[in-house]
Amino acid sequence: MSYRGGSTSINATTVTGTPSLLRAINERTVLECVRRIGPISRAQLSRETALSKPTVSQALAGLEEAGLVREAGRSKGGKGPTAVLYQLNPRAGWVVGIDVGRNWVRAAIADVTGAFVARRDERAKVRSAETLISQIGEIAHGLASDAGIGWRQVTVAAVGSPGVVHPGREEVELAHSLPGWGRQGLVELVHRELGTNTIFENDVNLAALGERSHGLGREVDEFVYLHIGTGVGLGIVMHGELYRGAGGAAGEVGYLPLWGTDVRAPASRKRGALDRAASAGGVVDAAKRAGMRGPLTGERIFAAAADGDRVAKKVVAQEADRIAMTIAAVAAVLDPALVILGGGIGANADLVLQTVRDRVRALSPFRPAIEASELREEATLYGSVSMALQSAQARLFDRSATA
């Protein structure tokens, strides 16, 4: 998602204020335009921002002095003399994105342009919250070493994990897949371990941001990301922005009541009826009830269905029904233009996608486009880096403006 620290159409002649305020506004406008379009010339910056050429030159000088932009060669082709081009200085700041899951911890360090410089993927150490927090810190600091920088140069780290993240309360709830992850003060413990500006966000919300920045949601302002894997969750993008709800719980569709299940059962109240039925664990339970034997996982059941196993195909068809019912309910409330299926089960496009589309058409008059994520398990990592970049770019500009 694009950083919205300043509009690219501000005209300084229409803004009143002190010279320092106007200078800061102009620099912010030029910086955002360089970030969005660069490499870019002074003349093009003037056209894009509606600022005069002298004002653009003054803003560029300030941004160069602050180390936020740099020359990027000269324009090629065309008539007349070539022009100097400007781009963000990649080394002006660094961000780390971390995806914490039940099975894997995936992390990457990126420069301020968003380019990944180093990456690590490790099996998650989920014996306790303490071991997992320690692992997060080791991975993050190791990434800085891999990139050849000191950890103090990292401006922001964004961490995505299961659970509801309450805005302003630094608490995580309903993270059932990670032992001890709902303990009081968890966010502060992670912040201490990382030792930098830290953002905590729900992993499915970040996956939606990843789709917005790098995936199928790039050109779509109204879409949802439906994750079906270890758990079931929904990331919601409305008007081009992530929607979290009043308490951060928007998209917790795993708690939707599901026809044919005992929604009053303690397990359903704890994890949610839809989560119990449609998650990987629910698929395994359905396969066992249907008579499948041996050590079962969602992956093995889908593989057996792909190989033609009659019982496995029936279980997968039932799962497609649950996914379709979820989409029909979401479409009636949010009316998204696009539904992106993700997670270990949701991404099995070859087995469920067309069936889900057909079921939704039969169930509902509302028919959003339904596609499988192309980012697959990478979506949350891309989203965490994207969120960290938004915060880092604002912090870097504010630091230069007050220097």
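**Loops and a helix contact**

Tutor: Start with D335, found in the loop between α11 (310–334) and β14 (338–342). The model is predicted.

Student: Is D335 buried or exposed?

Tutor: D335 is not a glycine, yet its phi is positive, about 50°. Exposed means over 50% relative accessible area. D335 has 56% relative accessibility, so the residue counts as exposed.

Student: A50 also has a positive phi. What is its relative accessible area?

Tutor: A50 sits in the loop between α2 (42–49) and α3. Its phi is about 65°, although A50 is not a glycine. A50 is partly exposed, with a relative accessible area of 39%.

Student: How far apart are the end C-alpha atoms of α3?

Tutor: Helix α3 has 13 residues, 53–65.

Student: Which residues of α3 are buried?

Tutor: P54, Q58 and E65 are exposed, on the other side of the helix. The buried residues of α3 are T55, V56, A59, L60 and L63.

Student: Why do they line one face of the helix?

Tutor: Look down the axis of α3. The buried residues line one face because they fall within an arc of 135°.

Student: How are α1 and α3 oriented to each other?

Tutor: Helix α1 (residues 19–37) packs against α3 with the axes 9 Å apart. The angle is about 80°. Angles of 65 to 115 degrees count as roughly perpendicular. The two helices are therefore roughly perpendicular.

Notes. Residues are numbered from 1 along each chain as its sequence is written. This is a predicted model: local features need pLDDT of at least 70, side-chain atom pairs count only at pLDDT 80 or more; totals for chains, interfaces and linings use all residues. Side-chain values use heavy atoms; hydrogens and water are left out. Helices (H or I, at least four residues) and strands (E, at least two) are DSSP runs, numbered from the N terminus. The expected span of a helix is 1.5 Å times one less than its number of residues. Buried means under 20% relative accessible area, exposed over 50%, partly exposed in between (1.4 Å probe, protein chains only). The arc is that of the directions from the helix axis to the C-beta atoms. Axes are lines fitted to C-alpha atoms, for helices over the stretch in contact, and angles run from 0 to 180 degrees between N-to-C directions. Angles under 35 degrees count as roughly parallel, over 145 as roughly antiparallel, 65 to 115 as roughly perpendicular and the rest as oblique.
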